[in-house]
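Open the model in your viewer and keep the selection panel at hand. Each stop below says what to select and what is there.

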Amino acid sequence: MNREWLEKDFYKELGISSSASQDDIKKAYRKLARDNHPDKNPGDTKAEERFKAVSEAHAVLSDPAKRKEYDEARRLFASGGFGRGGFSPGGSGAYGPGGFATGEFNLGDIFGGAAAAGGDGGLGDLLGGLFNRGGGARASSRPRRGSDVETETTLGFREAAQGVTVPLRMTSPSPCTTCHGSGAKPGTSPRVCPHCNGTGVVSRNQGAFGFSEPCDDCRGTGSIIDDPCSDCRGTGIQNRTRTITVRIPPGVRDGQRIRLAGQGEAGLRGAPAGDLFVTVHVSQDKVFGRNGDDLTLVLPVSYTELVLGTTVSVPTLEGRVGVKVPPGTADGRTLRVRGRGVPKRGGGAGDLLVTVKVAVPQKLDDNATEALRRYAEAEKTSGFDPRAGWAGA
């Protein structure tokens, strides 16, 4: 986490309260990300900046560990700097470099010193994680894995059932393509900081206390870049829009998340990238429904087809298939066609469940009406009573 985060209200960015649940955070982010996505707002720089802001807020608040650090730090700083002066996250302010009226003093030094002296770090671990200071050399010089990134895509019903390859356009921090993430101009390399020997921190004594603080020469990174890359200004990271191809496996369900390892935010100083999580939304189909791995559909039939029996051609995910309707089939009966459903991950497929439903004509010509009346008389003569035994009759 960097210092600039403390100057931002991530909860406000997402329009939620500080007590919001993880589900609330996810829902707020999805809506804002969808509304402000660059693909939906081409050429709209305000929407793009808004998209980046909500993405950054979500990256912090969706990670329980990062959210805890963020909340704790905001509470500490809101309290007025632990005493008589105002505390500045950057180590300087109206009361002097350390935020207090009496000389140079920095809370990061106090809590960092606790860890350096062999303690558990206490609040130094918190502030060290926030500012990359304190907590010894390990916290400041160790490369940090990139954050995970979340995005969404919407598929047609049949695409989700059969599997599809889709391009995803994303704007996120990525390794600089010019220096390949090193931060140094091509043809050069960072060198170990001679002042801190690559640890990123230096120690100093003040009275009876020993303090550790970030090395001024390398700014706590442990290395010095003499000739920074002009494209990323030595950070090794650029915000760029990229298109990646994602293979959606067959049978994906609505709301399912797919993990793509190493496709998230770039890591700092050559550390591994985070992961990309793609939430899949599946649109409804006019014909098919789904029950687990089984496909469902409603087949309109006539009364005579149910009585006399017939074979009807019905659609599947791969062409059409004939379904036999036995004579005397009741309205609403479900017929099963095996192996014509949704492909299963382990091989094979579910079934196609065909439910027959009588379609009643709204208007008949004279010949059809007369024929139907003759049939009704013949039906009574045969002794058929559709309500026999119904409701106590």
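A search of the whole structure finds four aromatic pairs. Here, rings of Phe, Tyr and Trp (its six-membered ring) pair if their centres lie within 6.5 Å; planes under 30 degrees apart are stacked, over 60 edge-to-face, the rest tilted. This is a predicted model: local features need pLDDT of at least 70, side-chain atom pairs count only at pLDDT 80 or more, and totals for chains, interfaces and linings use all residues. Residues are numbered from 1 along each chain as its sequence is written, and side-chain values use heavy atoms, with hydrogens and water left out.

Select Phe157 and Phe288. Their rings are stacked, 6.4 Å centre to centre with 15 degrees between the planes. Phe157 sits in helix H8 (residues 157–162), Phe288 in the loop between strand S9 (276–282) and S10; they are 131 residues apart. Helices (H or I, at least four residues) and strands (E, at least two) are DSSP runs, numbered from the N terminus. Are these two Phe residues, Phe157 and Phe288, buried or exposed? Both are buried (under 20% relative accessible area, 1.4 Å probe, protein chains only).

Next, select Phe10, Tyr11 and Tyr70. Ring pairs link them into a cluster.

Now show the open sheet of four strands, ordered S10-S11-S15-S14 with mixed pairing. Its edge strands, S10 (289–291) and S14 (334–337), each pair on one side only. Two strands pair if DSSP finds at least two bridges between them.

Finish on S10 and strand S11 (residues 294–301). They run antiparallel, joined by three bridges. Select Arg290: opposite stands Leu295 in S11.

Note on methods: Buried < 20%, exposed > 50% of the residue type's maximum accessible area, 1.4 Å probe, protein only.
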